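The following note sets out points on the model shown below, in numbered paragraphs. It begins with charged contacts and then turns to the fold, the core and individual residues.

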Amino acid sequence: MYTRGVFVRINNKSMHAECFRCATCGTSLKNIGYFNINEKLYCDIHAQQVKMVLGASATSGSSVTPVESKYT
């Protein structure tokens, strides 16, 4: 089965370009960069909020990875 359309490759996983959005507000992350926190994508504003919550709870195993968008 072949899937057609535009895809974005994030951490060796493919996702529809339409799904390349902030997990909190749904803003498109196209051309603005994003943060990958615990396998979810966030815009800058919501990544900062998530980092504050994770820092307060000191959850182990959480990863915060800022990444510049290379989506074209």
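1. The side chains of Glu39 and Lys13 form a salt bridge, with 3.5 Å from N to O; the term denotes a side-chain nitrogen of Lys or Arg within 4 Å of a carboxyl oxygen of Asp or Glu. The structure holds 1 such salt bridge. Because Glu39 lies in the loop between β3 and β4 and Lys13 in strand β2, the pair ties together parts that are 26 residues apart in sequence. Glu39 counts as exposed because its relative accessibility is 57%; buried means under 20% relative accessible area, exposed over 50%, and partly exposed in between, with a 1.4 Å probe and protein chains only.

2. This is a predicted model, in which local features need pLDDT of at least 70 and side-chain atom pairs count only at pLDDT 80 or more, whereas totals for chains, interfaces and linings use all residues. Residues are numbered from 1 along each chain as its sequence is written, and side-chain values use heavy atoms, with hydrogens and water left out.

3. The protein has 1 helix and 5 strands, in the order β-β-β-β-α-β from the N terminus. These elements are DSSP runs numbered from the N terminus: helices are H or I with at least four residues, strands E with at least two. Of the 72 residues, 28% count as buried.

4. Phe35 has Tyr42 in β4 as its bridge partner. The hairpin of β3 and β4 has 2 residues between the strands, and Asn38 takes a positive phi near 50° there. Both faces of β3 are covered, with Tyr34 and Asn36 buried on one side and Phe35 and Ile37 buried on the other.

5. Which residues have the most contacts inside the largest nonpolar core? They are Ile10, Phe20, Leu29, Tyr34, Ile37, Leu41 and Tyr42, in a core of 15 residues. At least two residues of this core come from each of β1 (7-10), β3, β4 (40-42) and α1 (44-57). A nonpolar core is a set of buried Ala, Val, Leu, Ile, Met, Phe, Trp, Tyr and Cys residues joined through side-chain atoms within 4.5 Å. Not counting residues up to four places away in sequence, the contacts of Tyr42 include Cys22, Leu29, Tyr34, Ala47 and Val50; contact means heavy atoms within 4.5 Å.

6. The structure holds 1 aromatic pair. Phe20 and Tyr34 form this pair edge-to-face, at 5.3 Å centre to centre and with 80° between the planes. It links distant parts of the chain, 14 residues apart: Phe20 lies in the loop between β2 (13-16) and β3 (34-37), and Tyr34 in strand β3. Rings of Phe, Tyr and Trp (its six-membered ring) pair if their centres lie within 6.5 Å; planes under 30 degrees apart count as stacked, over 60 as edge-to-face and the rest as tilted. Both Phe20 and Tyr34 are buried.

7. His46 is found in helix α1 and counts as buried because its relative accessibility is 15%. His46 touches Cys22, Thr24 and Cys25, not counting residues up to four places away in sequence.

Notes:
Pairing = 2+ DSSP bridges.
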